[in-house]
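Here's a quick rundown of the aromatic contacts. Have a look at the rings first, then read on.

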Amino acid sequence: MLLAQDFNSGTTLSNYMGTGANQFDSIKVSQPNSSNSVYVSSNRLTLQRYGGSAIISKSTNLSATAPTFLRIKFRLNVPFNSIPTTIPQTQATVYVGSAFNSGPSTTSPNTEVRHSSFGIGFGSNTKYYLRSSTFINTVDSLTGENEINWFINNSGASVNYKDPVGGNATLADDQYDLWVGGTRVFAGIVATTPTSDINNFKVLFNGSVGGGIS
């Protein structure tokens, strides 16, 4: 386990920030005010923003030796949001790669250091959807809290893995699979930059409309 965090150490953000195990280098909004904030409640971290950017970043390497295969598991929800005039439209992006901007940068990682990414889009009411890096979209029907499992292969060869429902799956080199609950919604999505390691990650919420991502 390279990083695990249940957000159960109180509501103070500094409890979860640093360069140590299970900590994030930065959790912030670029324009903090009553509409833009990051907070912990009921063991959940929520990014709320209606302007500027909000981020969670891990620019300190996950491992001294770069991982070659990652399973990234988390629970995702959009508890409130503005409704965009255009659907689909990415509002937040989750990136995995290497040499990401250190410190509190609220910009996207450069293309040459991004290995893989996927987007989060807002729909009507509190519905949301996911977008692959090749702009394949899930249906605008996700609601409430969903478990996401993201498998990323950078090993140089195909890898067999156990999927979230206990079956067997195969993932080619420099591709990713993404599951929502027991459904694989993206299969074999090719990496943006195969030469990048998979040792950092960033969640960047900076789309044209605001809301909350938990």
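A charge counts as sitting over a ring when NZ of Lys or CZ of Arg is within 6 Å of the ring centre and within 35 degrees of the ring normal. Arg 49 does this, lying over the face of Phe 205 at 4.8 Å from the ring centre. Keep in mind that this is a predicted model, where local features need pLDDT of at least 70, side-chain atom pairs count only at pLDDT 80 or more, and totals for chains, interfaces and linings use all residues. Residues are numbered from 1 along each chain as its sequence is written, and side-chain values use heavy atoms, with hydrogens and water left out.

**Ring pairs**
- There are 9 aromatic pairs in the structure (rings of Phe, Tyr and Trp, with its six-membered ring, whose centres lie within 6.5 Å; planes under 30 degrees apart are stacked, over 60 edge-to-face, the rest tilted).
- Phe 7 and Phe 24 are stacked, at 6.1 Å centre to centre with 5 degrees between the planes.
- That pair links distant parts of the chain, 17 residues apart, with both Phe 7 and Phe 24 in the segment before β1 (26–29) (strands are DSSP runs of E, at least two residues, numbered from the N terminus).
- Phe 7 counts as buried because its relative accessibility is 14% (the cut-off is under 20% relative accessible area, with a 1.4 Å probe and protein chains only).
- Phe 24 is buried too, at 6%.
- Phe 118 and Trp 150 pair edge-to-face, with 4.9 Å between centres and 90 degrees between planes.
- Phe 118 sits in strand β8 (residues 114–122) and Trp 150 in strand β10 (residues 146–153), 32 residues apart.
- Both Phe 118 and Trp 150 are buried.

**Cluster**
- Phe 7, Tyr 16, Phe 24 and Phe 201 make up one aromatic cluster.

Definitions and conventions:
Helices (H or I, at least four residues) and strands (E, at least two) are DSSP runs, numbered from the N terminus. Buried means under 20% relative accessible area, exposed over 50%, partly exposed in between (1.4 Å probe, protein chains only).
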